[in-house]
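Hello,

Here is the structure I promised to pass on. Please open it first, then read the notes below.

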Amino acid sequence: MSGRDADDGERVEVGPESSLGPGERTIVTVGNREVGVFNVDGEYRAILNTCLHQNGPLCEGKVLPEITGTFVEPGERPVEEFGEAMVVKCPWHGWEYDLETGQLKDDERLRLPVFDVVVEAGTIYLEV
Amino acid sequence: MARGIKVDESIDCTVVDVDAHYTGSFEDLVEYIDDGPWKGRFEAGAEISKTASNKGFWPSITSAHDAYRTPGGFEMPETREGMCKVMNDLGIDKIVFLGEQMITFDQMKGDDERPIVYANAYADYLLDRMIDPDNGIYGTIPIAPNDPERSAELIERVGDEEGFIGICFITSMVEPPLGNRRYDPIYEAAENHDLTVVFHGGTPGVDSFYLSGYEYRLETHTLGFMWANTSQIVSIVAQGVPEKFPDLDFVFQESGIFWIPMMMYRMDMEYFQRPNEGPLMTKKPSEYMKEFYYGTQPLETPPSKQYLNYVIEMIGGPDRLLYASDYPHTDYDTTNAITSIPGLSKGDKAKILGGNAEEVFGI
C-alpha cells in the first residue's frame, strides 16, 4: 500500500509505471479513504475501496469482464458473451461495479466514486 | 344470490372484477369435445364428479380437510343472464373470469393430454355460453403449460375471438417454472394476439408441492397461492420474459399484495450478489415487478390500514393494482376492500376498481 494524505483536487503519487503492470492493482490511502488503482490491460482505473453494501474491501476482489445476453429467438437459450465493461467484484458478497463508471449493475442510485489516473514522466498519479 | 352483499353506492366509477370464477362442471364441456375417446372420458369424469368421493372424509389434501365448516360461499350462475344479474347485484360493470376446473390442472397426473383437451373444450364452451362483451363479460384462454405447442395453437385458434382478453396460467406446481424458454411459443402467440398474460395462484393445497405434512388448511391456504406466484415471478424475471416479449402485460392474481415488496427486495439483493445471472435482464428485478400488475384479492387486513399504503407505494403506486373479487369463493373481496383504504384519492381508487383493468385488458 502506498500514497499519502491529500485534499480533494490534489494529485497523489501512486508509484512508477513499472510498479503497476497489466492485471495488477494497488490500494492508495487518500486522507481517510482508500482507493484501488488498477491496470486493466494497459488502461488505468481507480475506484473507492469501500463497497456500498456493507463497506467491504471492494478492490481486493476479482476483476472480470461483464457478461451480456442477447435474445435470439423464442425457444432458444439467450446467447451470453463478454461485454466491453470490466467490473470489480466485492470479495465479501459479490456486488459488482463497473470500473470505469463506478456504477453497480442496474441500480443508478448505487454508484461509487471513480477517479482519474494520469501518467507523467513515468510516474502514475491519482487525481482526487 | 349474492348473500346480502350491498353495492357501495358511493362508487361512481366503472368497476372491473379481474378475477371471478365460473364453476362449470365437466358435464357442461362434453358437447365441446369431438367424438372419440376423450368425449367418453369427460362424460365419465362428469359422472364421477357428481358422486360423493371419499376424499372429502379421508382427504388427500388439506383443501378438503374441513369442508363441513366452510362458510358455503356464493353461487355462480351458469348462463349469461344469470351472470349479468350477479354483476348487477355486486355492482360490477365488467368481469373477467377463468374456469374453476383449470385450477386443478396441477393435480392432474398420468396422461399429458387431459389439460389441453380440457382447455380447448373450455375455450369453446366459454365462447358459446358465457362470454358476452356487450354485457361486460370477458374471459381468459386457459393454458395447459405441459403442452406449450398446442397451447399456442389454441391461442392462434381463438385468440382473436371477441371477449378473450388474455391467457391464464395456473401457477402452482408448474415444472419447469414459467420463465423457461419452452413456454416461449405461448408468450409469442399471446403477444401476437395482443392478449394479457395472467398468472393465477393455484390450489390452496401445497400438500405435495414443496413439502408435505401440513395438517390444516389454515397452513396450506396461507402459503399456497402466494408460494405458487413467488415461485413463478422469480423465474419470469430472471429468464427475461419481459425482455423477450416487450409488448406483453403481466398480471399476478390471488396472493394479496404484501408478498410483492418482499419479492422485490429479496430478489434485488440476490441480483446484486449474482449480477451475471439473468443475462437478458437490463434492470434490477424490482423494476420489472413494478411494471407488472397485481390482482388485489385477498387483500390483507393489517391492524393499521395505513400499512396498505406503504405496500402500494413500494410496488409502484395505485397504477399497479386491479380490483379482484375471487367471487364466488369464500375469501371473496367486495369493492369495500378498496374503497376503505385510507390515503388514496378518489381517482386512485377508481383506477384500482376499474380504470387500470380497462387499460391493461383493453376492455
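**Where chain B meets chain A**

The contact draws 25 residues from chain A and 17 residues from chain B. Keep in mind that this is a predicted model.

Three residues stand out on the chain B side. B:R181, B:F272 and B:N276 supply 33% of the area that chain B buries against chain A, more than any other three residues. Between the two chains, about 1,800 Å² is buried in total. Carbon and sulfur atoms give 54% of that area.

Now the polar side of the interface. Nine residue pairs are in polar contact between chain B and chain A, with both residues at pLDDT 80 or more. The rule also finds one salt bridge across the interface. Which side chains form a salt bridge? A:D107 and B:K284 do, at 2.6 Å from N to O.

Which elements of chain B give two or more residues to the side that touches chain A? They are α6 (184-192) and α9 (259-273) of chain B. Of the elements, α9(B) gives the most, with four residues. By type, the residues on this side of chain B divide into eight nonpolar, six charged and three polar.

**The sheet of chain B**

Next, look inside chain B. Eight strands form an open sheet there, and the pairing is parallel. The order is β1-β2-β3-β4-β5-β6-β7-β8. Which strands stand at the edges? They are β1 (16-22) and β8 (321-322) of chain B. Each has a single partner strand, so one side of each is left without a neighbour in the sheet.

Start with β1(B) if you want to trace the pairing. β1(B) pairs with strand β2 (residues 94-99) of chain B in the parallel sense, over five bridges. In general, strands of a sheet pair through backbone hydrogen bonds, either parallel or antiparallel.

**One residue in a helix**

Last, go to B:Q232. This residue is found in helix α7 (residues 217-238) of chain B. Is B:Q232 buried or exposed? B:Q232 counts as buried, because its relative accessibility is 2% and the cut-off for buried is under 20%. What is B:Q232 in contact with, leaving aside its neighbours within four places in sequence? The contacts are B:T171, B:V174, B:P177 and B:L178.

Best wishes

Terms used: Residues numbered from 1 in each chain as written. Chains lettered and ligands numbered in written order. Predicted model: local features only at pLDDT ≥ 70, side-chain atom pairs only at ≥ 80, totals over all residues. Heavy atoms only, no water. Contact = heavy atoms within 4.5 Å. Buried area = accessible area lost by both parts, 1.4 Å probe. Salt bridge = Lys/Arg side-chain N within 4 Å of Asp/Glu carboxyl O. Polar contact = N/O pair within 3.5 Å; in protein donor to acceptor, adjacent residues only side chain to side chain. Nonpolar A, V, L, I, M, F, W, Y, C, P; charged D, E, K, R; others polar. Buried < 20%, exposed > 50% of the residue type's maximum accessible area, 1.4 Å probe, protein only. Pairing = 2+ DSSP bridges.
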